[in-house]
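Subject: Structure handover

Hello,

Please find the structure below, followed by notes on what was found in it.

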Amino acid sequence: MATLPRAIKPTSGSSIISGNDTCPHSDAPFDARINSSGALTERLECHSLSDDEPEPTDGHHELQPIEETAKAARVLYDFEGKAEFKELTVEAGDELNILKEEVGDGWSLVRASSGEIGLLPQSYYRCTTSFLSVPSAVYERKEPSTSTITPQASLQEQSKPLSIVPQDTGEWTNPLPSFRQSLLRGKSLNRFSGFVTSGAEEWVLEGHIDPVASTSSSSHQRISTEDSINDDNRLSRLGLGEADRHYIDAGPTWQSKVPKFRVLVHSPSKRTSGLSGAYTVYSVTSLFSSTTDESYDPYIPPISPAHITVQRRFSHFIVLHTSLTRRLPGIALPPLPEKQYAGRFSADFVEARRGELERYIGCIVRHPVARYAEVVTSFLGCESDVEWKRLMPQLLSMPAAGPSFFAHVFHPAFNVDVDDATEVIDRFSRHVLAVGKGTQNLRNIFGRIREVRLEMSKAERLLSYSLLSLITSTPLSSAPLTGINKDTEDTPPQGNGLLNEEGAWCWREGCQDCLKLTKAMQKTSDSLQIVADLYEDHAWRTQLATHEALKSVAHPYQLYEGIIETHQSTVSRYKDALKMGKSNDEMTARCETVLNTTMAEMDTYHDQKVENFSTIMREHLDGEINFYEQVLHRLNAARYTFDAPRFDELSRSPRQPSRYERDLEVPKLNPSPLPQPCPHVYDSAPMRPVNTAIHEGIGALLGKSQPGRKGSLLGRMWAE
């Protein structure tokens with residue numbers, strides 16, 4: 001069911017009708033029932049800034065009794081609520097009393113005329129005072145735009161500008177991720193589409209007026225196409241608020257105002273605070289190159305790039321992500337790594353988290369629009385901890401952009417064809433679905449390849465032990481003893497013809513040929529041990545890094561699902577507006593702005609896909625080449641010992657025991673399990689119901705539902 005913008009707030013001069021009834025305190029049965037809804041449960045959760053801070057104990061997150069004055073309202077559209085979520089079912093025109101306008105996730109607690117109390121989306125009703133205070137300027141007919149540059153459908157200056165409240169459907173209300181959101185792996189219970197939550201629907205239907213901008217500095221002023229596209233002219237106008245103005249060139253493609261730069265997340269350290277306890281701090285370094293492609297000279301040593309290093313916690317990354325989500329609703333942002341509730345200070349987790357944060361911020365600064373956002377420049381450039389702590393509340397309190405984001409998008413006019421827009425979204429959605437499926441399969445196969453490399457390490461180590469067992473006549477405990485007389489197992493090798501006094505693999509004393517052969521084969525055995533170490537280290541470190549990097553290209557459909565929904569809904573509105581002809585030119589122009597934005601995002605995905613996969617493949621091949629070069633170097637070194645003059649030099653001294661001979665009795669053939677990448681936010685993992693886990697736990701104690709195991713846990717403990 002489509003939704004429309006929220007009601008227009010009355011001006012000071014408007015007549016106001018408000019109810020005088022005060023809603024009584026909720027009784028216990030109703031609280032117990034309504035708290036099962038996700039919207040109200042949101043208010044019971046403690047929103048910790050990060051996984052390295054303790055849960056608050058001040059109790060401010062408890063649901064407070066409703067003491068606000070009820071407001072009279074009227075339903076705008078039919079809404080069929082779900083009883084399991086305690087939602088009301090209403091019809092257009094029904095009268096309501098708003099008991100609590102903001103209860104979380106874009107819902108309000110309302111009372112119907114029948115006395116039933118429940119939840120209703122904020123965009124489905126309008127306060128009665130709003131019907132009495134709508135200025136007539138809303139219904140004035142506007143002339144079609146004749147400018148060659150957008151933002152399209154710029155509203156003309158009115159004597160009494162009408163403020164439009166940004167629509168709020170849940171994506172903007174909760175700035176910090178909750179435990180419930182983490183449990184759902186980044187998925188939201190919000191049933192509204194990206195077309196609504198981004199503010200695109202409100203922009204298409206109503207447009208936007210900046211209530212504080214003057215005529216000369218308004219974001220709706222028209223400029224020529226040459227000024228919009230020319231870099232020099234645009235950059236010369238950079239100033240206050242310019243970071244909120246976004247330009248699209250032919251393509252459509254975003255035109256960046258800031259050159260690309262790199263960001264490194266490094267040097268994690270554990271710190272302790274008396275208020276928040278222990279936490280991890282990461283160094284975040286931005287590298288700005290002073291050379292461009294045109295001025296590059298391979299014969300001139302490169303200049304060391306300028307850099308800025310700041311100290312940031314995981315909670316600071318949450319502030320960055322929250323502010324970006326609110327201020328840039330029209331672009332696809334990468335998901336932030338999930339919170340960790342246990343083991344967050346282990347070395348493996350800290351390193352994995354460091355890599356995830358570096359990939360996250362790297363993706364942000366590679367986006368042509370996100371990298372010049374005000375919150376990004378503050379996050380990366382504010383070196384003073386005191387100043388950064390002062391800025392964080394301001395960044396979180398910034399209003400959500402909503403439709404104003406699209407009002408500040410400038411693009412060439414009349415550059416969208418409805419048939420092309422329909423075809424491109426179909427092809428794009430099918431492509432990202434296929435990429436996501438193929439990438440998920442690649443991640444699974446790559447995990448199996450790492451396991452195979454670990455098995456290769458075990459095989460090379462077993463071969464080394466077997467070769468060493470052969471030349472030392474020492475039995476290998478894990479090797480079968482087929483054909484060996486067990487009576488001679490404990491006989492010392494020296495003195496019984498197995499080895500001579502010099503440790504050579506010969507029954508003759510003073511045999512120089514066998515001494516050289518024995519020492520050369522021992523070096524080969526040692527080289528195979530090193531090769532086994534290389535296989536294990538390659539699977540543990542190099543391939544793990546590649547395995548982690550594959551997450552940056554995983555789940556593109558889920559990442560761009562909001563863009564796809566916005567594009568499809570806008571195309572539908574665009575077709576309807578075109579059928580109405582010139583009578584709806586303003587809505588047609590606004591639809592073009594949204595379509596330019598979504599297609600520019602598709603172009604950004606295309607560029608990032610090429611860059612990401614190229615980087616992953618280069619790093620993978622470099623790692624494989626380096627690994628095989630090391631293996632080849634060790635094998636060549638072992639091979640050269642069998643050629644003169646190295647082979648002849650081996651007879652100059654007796655054989656010394658290998659350091660691996662002590663392992664023949666208990667060979668090290670069981671390496672530790674491979675570390676696995678942290679799951680992606682959108683990875684789906686089957687979760688057992690809590691009652692199943694409880695039943696299995698009780699069964700383990702009592703000896704039930706444990707196939708393949710004899711007796712209960714208590715019984716085995718008693719027997720021991």
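P645 sits in the loop that runs between helix 18 (585-640) and helix 19 (646-649). Helices here are DSSP runs of H or I with at least four residues, strands are runs of E with at least two, and both are numbered from the N terminus. The peptide bond from A644 to P645 is cis, with omega near 0°.

Some background before the rest. This is a predicted model, in which local features need pLDDT of at least 70 and side-chain atom pairs count only at pLDDT 80 or more, while totals for chains, interfaces and linings use all residues. Residues are numbered from 1 along each chain as its sequence is written, and side-chain values use heavy atoms, with hydrogens and water left out.

A cis peptide bond also joins G251 to P252, with omega near -10°. P252 is placed in the loop between strand 6 (246-249) and strand 7 (253-255).

Two serines come next. S267, in strand 8 (residues 262-273), has a positive phi of about 50° although it is not a glycine. Its relative accessible area is 47%, so S267 counts as partly exposed. The cut-offs are under 20% relative accessible area for buried and over 50% for exposed, with partly exposed in between (1.4 Å probe, protein chains only). S473 also has a positive phi without being a glycine, with a value near 55°. S473 belongs to the loop between helix 14 and helix 15 (512-549), and at 25% relative accessible area it is partly exposed.

Is Q543 buried or exposed? Q543 is buried, at 1% relative accessibility. The residue lies in helix 15. Apart from neighbours within four places in sequence, Q543 is in contact (heavy atoms within 4.5 Å) with F446, I449, R450, R453, H538 and E624.

On the surface, D417, D419, D420, E423 and D426 gather in a patch of negative charge. Patch members have over 30% relative accessible area and no salt bridge, and like charges are joined within 9 Å. A salt bridge would be a side-chain nitrogen of Lys or Arg within 4 Å of a carboxyl oxygen of Asp or Glu. Asp and Glu count as negative, and the place of the charge is CG of Asp or CD of Glu. The accessible areas come from the Shrake-Rupley method with a 1.4 Å probe.

Regards

Notes
Patches are made of residues with over 30% relative accessible area and no salt bridge: like charges are joined within 9 Å, nonpolar side chains (Val, Leu, Ile, Met, Phe, Trp, Tyr) within 5 Å.
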